[in-house]
Amino acid sequence: MTEAFQMTDYVRDIVKNHTANPPATLIRGATILSMDERVGNIERGDILITGSSITAVGQDLNAEDAHVIDATNMIAMPGMVDSHRHSWEGQLRRINPNATCLDDYSNATHFSFAKYYRPSDIYVGNLLTALGAIDAGITTIIDNSHNSRTAAHSDAAVEALLDSGIRAIHASGAPVSGEWDRAHWPGNWQRLQEKYFKNNPEGLVYLGVMAQLEPELWAEARRLGLPIVTEFFGADMASELKSLHERGLLGPDNIFNHCTAVPDDGWKILREAGVRVNVCPRSDAHYGIEDGMFAIEAAHRHGINPGLSVDNETSYSTDMFMEMRVAFYLQRVLGMHKQHCCDTQHSLKTLPASQLLRAATVDGAVCAGLQDKVGSLTPGKQADLILINAGDINLYPSGNVFGTVVHATERSNIDTVMIGGRIVKQNGKVLGVDRKRLHEAIDESRQHLFAAAGYQPDIFAETFLPL
């Protein structure tokens with residue numbers, strides 16, 4: 001199980017999207033949501049991009065020989081950050097839409113198809129997830145890759161992210177079930193670092209690790225200087241926080257997903273240690289994780305501004321707009337419930353649309369440790385941004401820009417996506433993708449996985465039957 005990764009030219013040729021950046025690009029006449037208090041918001045303004053970076057945000061900007069994008073009736077904002085995504089599951093989209101618990105999710109992934117993934121299946125899953133994210137205006141993802149069965153599987157995951165053109169942190173993690181090459185673990189992290197990242201520090205893809213509360217693995221990650229991603233469920237795991245903190249094992253290089261049902265003393269430890277947090281509005285509710293309520297209220301109450309994350313697509317969509325909307329309404333319902341039905345010592349302040357957009361951009365960038373590069377339209381940062389066509393019939397007129405983005409925008413309204421100054425979606429279409437080849441690669445992967453697992457697909461089924 002230690003075969004070298006080899007992807008056929010046919011599959012690797014799905015995306016041809018690596019054109020050079022123009023020397024300068026001028027986005028003219030946009031309504032700008034910079035998500036940077038120093039830059040502010042501009043009703044009609046311009047953004048100047050030189051190479052991969054934003055050089056100026058303002059009004060009446062000019063640059064000789066710049067490629068000009070007419071952004072009249074468009075909203076310009078930072079690309080969104082998905083702080084936690086299991087990208088390898090891309091070809092299993094909506095296979096389990098009515099799941100009711102975490103076991104349902106695991107039965108449809110870890111305990112069935114995951115065991116039969118080849119490196120090529122990892123590649124297809126990661127590529128499809130990344131392209132879907134770009135299409136939805138998500139320019140950065142933290143790829144939680146908990147199916148790294150061999151070194152070849154890990155290579156395939158990284159290659160797919162590189163080929164897609166997305167900005168990503170690849171957090172390599174051990175499989176949950178089935179046979180896998182334990183001999184490559186955790187030495188695979190250093191091998192990946194040396195193969196893909198040591199000589200390419202300014203690339204779009206970065207390396208991290210995925211590990212549970214395992215100090216030995218954390219020590220190896222820290223030796224390599226890599227961020228540590230953990231699936232953290234507070235009702236079960238919070239009791240270990242005090243010991244970890246007292247031993248100095250928690251720090252700003254920790255990224256905790258979910259953080260459901262964490263008690264107040266646990267939140268105080270997370271804040272004191274500087275642990276980065278993301279929350280999952282749809283996932284926690286859909287799978288009934290612990291109390292089923294995402295943790296944004298508790299996090300904010302303790303001075304932590306978490307990022308938002310989609311988690312997976314096995315039950316629902318790649319859609320940070322929907323993530324923000326679900327978050328908006330769940331925290332409203334929680335606030336009303338606490339106010340009218342329950343005795344509580346905490347006064348809950350519901351978050352406005354602008355704060356939820358911040359969670360999907362700036363706070364997500366902080367969770368990823370990329371706040372100096374992305375998350376806001378700030379001169380000096382990377383030009384990761386999207387243009388929303390506010391002239392579309394479902395958006396026009398825009399009575400409030402934050403309301404238009406959070407409450408009404410859909411994937412189809414995203415006209416343009418730029419990552420590192422390079423346009424990867426234009427006129428509503430992701431660029432450079434051979435859709436016929438992509439579909440064929442996905443179909444081949446699904447046929448293999450279904451046959452290997454003994455699964456008979458039924459596209460009208462109400463439930464996913466355990467295999």
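Eight strands build an open sheet, in the order β6-β7-β8-β9-β10-β11-β12-β13, and their pairing is parallel. β6 (80-85) and β13 (307-308) stand at the edges with a single partner strand each, so one side of each lacks a neighbour in the sheet. Two strands pair if DSSP finds at least two bridges between them. Strands (E, at least two residues) and helices (H or I, at least four) are DSSP runs, numbered from the N terminus.

This is a predicted model: local features need pLDDT of at least 70, side-chain atom pairs count only at pLDDT 80 or more, and totals for chains, interfaces and linings use all residues. Residues are numbered from 1 along each chain as its sequence is written, and side-chain values use heavy atoms, without hydrogens and water.

Take one pair. Strand β10 (residues 228-233) joins strand β11 (residues 254-260) in the parallel sense over six bridges. There, F233 stands opposite T260 in β11.

Helix α4 (residues 151-164) packs on the sheet and touches β7 (138-145), β8 (167-173) and β9 (205-210). Contact means heavy atoms within 4.5 Å. Angles run from 0 to 180 degrees between N-to-C directions; axes are lines fitted to C-alpha atoms, for helices over the stretch in contact. Helix α6 (residues 215-224) lies across β9, β10 and β11.

| α4 | β8 | about 170° |

Now the cysteines. The structure holds zero disulfides, a disulfide being a pair of cysteine sulfur atoms within 2.5 Å. C259 is buried, with a relative accessible area of 1%. Buried means under 20%, exposed over 50%, partly exposed in between (1.4 Å probe, protein chains only).
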